[in-house]
Amino acid sequence: MSVSDSVVELNNGCKMPVVGLGTWRSEPGQVKMAVQHAIKCGYRHIDCAAAYGNEKEVGEGIKAAGLDRTKLFITSKLWNNKHHPEDVESACRQSLKDLGVEYLDLYLIHWPIAFEKGDTNFPRNEDGSL
C-alpha cells in the first residue's frame with residue numbers, strides 16, 4: 001500500500017490523500033530535497049503554509065520532483081494577520097507565487113483567530129503579550 005492509496009472524497013468530488021507531507025519546522029536548505037523525495041516516494045498531498053516561511057523552497061521541491069501538478073493535492077493556509085477581507089486574495093496569490101503553482105487544492109484559515117492586521121506574524125501588545 002502506498003501513502004497515496006487512501007483518499008477522502010470531498011463534497012466537490014476532489015479526492016484528497018489522507019496522508020500528506022507536513023512542511024512545518026522543516027530545516028531551511030533541506031525542504032526542497034524533502035519535498036522532492038517525498039513525492040518520488042509516493043506522497044501526493046503536500047501541506048504548507050505562508051507562516052512556515054518556506055513555501056518558496058517547497059515549490060522548488062515540487063518543481064524538482066517533475067510530477068504533473070494535477071497529480072498533487074496542495075494545501076496552504078491563510079495566516080492570522082491576513083484575515084481581513086481585503087488581505088485574503090493577495091495572501092493567497094503570494095502563496096501561489098511562492099509555491100510556483102497556478103492553483104491550490106485547499107486553502108484553509110490557519111487558526112480561527114485573527115491577529116492585528118499587518119506584516120508581523122506575531123504582533124505583540126505593549127507588555128509583550130500576544
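What follows is a short chat about a few residues in this predicted model.

Reader: What should I know about the numbering and the model?
Author: Residues are numbered from 1 along each chain as its sequence is written, and side-chain values use heavy atoms, without hydrogens and water. The model is predicted: local features need pLDDT of at least 70 and side-chain atom pairs count only at pLDDT 80 or more, while totals for chains, interfaces and linings use all residues.

Reader: How many aromatic pairs are there?
Author: The count comes to one aromatic pair (ring centres of Phe, Tyr and Trp, its six-membered ring, within 6.5 Å; planes under 30 degrees apart are stacked, over 60 edge-to-face, the rest tilted).

Reader: Which rings, and why tilted?
Author: Tryptophan 79 and tryptophan 111, because their centres are 5.3 Å apart and their planes at 50°.

Reader: Is tryptophan 79 buried or exposed?
Author: Tryptophan 79 is buried at 6% relative accessibility, whereas tryptophan 111 is partly exposed at 38% (buried is under 20% relative accessible area, exposed over 50%, partly exposed in between, with a 1.4 Å probe and protein chains only).

Reader: And asparagine 80, what does it touch?
Author: Leaving out residues up to four places away in sequence, asparagine 80 touches His110, Trp111, Ile113, Ala114 and Phe115 (contact means heavy atoms within 4.5 Å). Asparagine 80 is buried, with a relative accessible area of 0%.
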